[in-house]
Amino acid sequence: MRNFDDIISGVPEPAPKPARLPWLTKPQRRSIVVITAAAVILYVVVRLLPTGTNLNHMDFRVEGKGALETCDPANPQFIPVVQVRSPVVLTLQSDRAPALNQPVNFVLTLHTASGKPIAPEDLLVAHTRKLHLMVVDPTLSDYQHVHPEPGRKPGDWTFTLTPGRPGLYRVFADFTPVATGRGLYASADFTVPGTVATVIQTPNTTWQAAGYNFELAMPALLRARQLADLRFRIESQGTVKEPVPLQPVMGAFAHLVAFDENRSGFAHLHPTQTDLSKPPDPLHPELDFKVTIPTAGRYVIWAQVKINDHEIFAPFWVDVL
């Protein structure tokens, strides 16, 4: 207690002493030690766990003229892959010499320009897959869409392909690195022995296959460097129209892939109708696409759909003014 003299002289009252905590028991101390040790071990383990990709956005940059720019996957466009420098090097190795109408196993290797392997953890899933390959022969008549699987070594991817025509096949790779979140592309070639046939294609807006009529409606004049609206239609053949059992393929009800005659690049297009819970009309399904072609010339637009668990490809040849 304060005495009377302290009160008169204005000496402040000392703060109360904190109550002394009782001593911890041995079991309590043991519990604290165990919990602390477990927390430290957990922290170290989490720090040592793989964090995914070891690549950053600088690994996917190429400086200087003619460098391939990354592209927004939500706004696909025609990419002149062969004419520009990609920050990714693609190589192909087959288990035997490719031959006409014979399946051949390939190992595809993806590396950055500096030699770093591009493994599955380095790529994002885009349209249900991490890596898309668009494979086409010199006549643009044999188009195949392939999805490689990860190989044994980082950067290796494996796939099997059966070429349907002779000549120099071109493989375009379409992928999205985790480090950039934007689409990138690369290409490589392989040769199938034989004489390349001369194929003269005329423009067409309709195609028939597997008992269905396919149509690609487009502007009367398709001009280079101008955004064009495309409408893809399907119906059953015959007078009485049957429902079209259209199924999603790679996260969409249809895909379009366009190539120029020189196979300098491609455009991988997806419909504007993105809600898979709202399928198109079952009797006359229609899907809308947008595309901008950079240069004039002859192009082929391959449509890919899945009907009754079977994938169907329909080619449309167009002239761009």
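Mentor: A polar contact is a pair of N or O atoms within 3.5 Å; within protein, one atom must be able to donate a hydrogen and the other to accept it, and residues adjacent in sequence count only if both atoms are side-chain atoms. The model is predicted, with local features needing pLDDT of at least 70 and side-chain atom pairs pLDDT 80 or more, while totals for chains, interfaces and linings use all residues. Residues are numbered from 1 along each chain as its sequence is written, and side-chain values use heavy atoms, leaving out hydrogens and water.

The part to consider is Ser86, which sits in the loop between helix 2 (26–48) and strand 1 (88–94). Helices (H or I, at least four residues) and strands (E, at least two) are DSSP runs, numbered from the N terminus. A polar atom of the Ser86 side chain lies 2.8 Å from the backbone oxygen of Tyr185. The backbone nitrogen of Val88 is 3.1 Å from a polar atom of that Ser86 side chain.

As for the setting, the protein has two helices and 17 strands. Of its 321 residues, 38% are buried, that is, under 20% relative accessible area with a 1.4 Å probe, counting protein chains only. Contacts are heavy atoms within 4.5 Å; among those between residues at least 6 apart in sequence, 64% join residues at least 24 apart.

How values were computed
Buried < 20%, exposed > 50% of the residue type's maximum accessible area, 1.4 Å probe, protein only.
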